[in-house]
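Let's go through this model together and ask what stands behind each label.

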Amino acid sequence: MSNEEVSLQSQVAGIVSHIYFTEGTHVNKGDLLIKIDDSQFQAELQKDEVAKQLAQITEERQKKLLAVNGISQQDYDVALNSLNSIIADMKLLQIQIGYTEIRAPFDGIVGLRNVSEGSYVSTNTVLVDMVKITPVKIDFYVPEKYLGEVQKGDSISFTVGGYNNVFKGVIYAIDPKIDETTRNLHVRALADNRDRKLLPGAFTNITVQLSHIDS
């Protein structure tokens, strides 16, 4: 299994304006992968910026008048609330603009993309899958009778199809319950996989050393 895996989707619907990654390549956490067209949000933000400037002028003028009892506190509060409302709208637009940028959530490898520049995507569209395979997880089961002999930190060795190598891993997690149907214990190990030879989904043959007898 991959150490981390995610199907990337957009939080807003729209047209894909740019794709910044190459399929099957490594990307770093925070890298911009896909950009959704944000021209509508940008136009609304510019409109609010103009309104904010006018509201600031009004608020400052009302504040001066309030200081000399030229207006009531209520009149000033109306001007201040209007300014704060516009600022809040601008913050919301900035958040929505941020949603149009799909970034890598972790260091990993992007898969085959499902969209092209110019595609319309909804919030349900899977744009691309991304995995982290350094390290990889190895899931396996051992019979209940070996419950007391399998511990965190134990080493395992395993092979996968396509390679003659014997790979190494270390058990790092053991399920706290036994499967009621199979009476097996679910165990998970980690293997370094710096050379990225091991791919998620591969079938493995695993050897766990339960004890050692001195000769």
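**Labels and their grounds**

Q: What makes residues count as touching I156?
A: Contact means heavy atoms within 4.5 Å. Leaving aside residues up to four places away in sequence, I156 touches I138, F140, F167, K168, G169, V170, I171, A189, I206, T207 and V208. One caution: this is a predicted model, where local features need pLDDT of at least 70, side-chain atom pairs count only at pLDDT 80 or more, and totals for chains, interfaces and linings use all residues. Residues are numbered from 1 along each chain as its sequence is written, and side-chain values use heavy atoms, with hydrogens and water left out.

Q: Why is S157 called buried?
A: Buried means under 20% relative accessible area, exposed over 50%, and partly exposed in between (1.4 Å probe, protein chains only). S157 has 17% relative accessibility, so S157 counts as buried. Its contacts, beyond residues up to four places away in sequence, are V166, F167, K168, N205, I206 and T207.

Q: What makes a set of residues a nonpolar core, and which members touch the most others in the largest one?
A: Such a core is a set of buried Ala, Val, Leu, Ile, Met, Phe, Trp, Tyr and Cys residues joined through side-chain atoms within 4.5 Å. The largest has 18 residues, of which I138, F140, I156, F158, I171, V187 and L198 touch the most other members.
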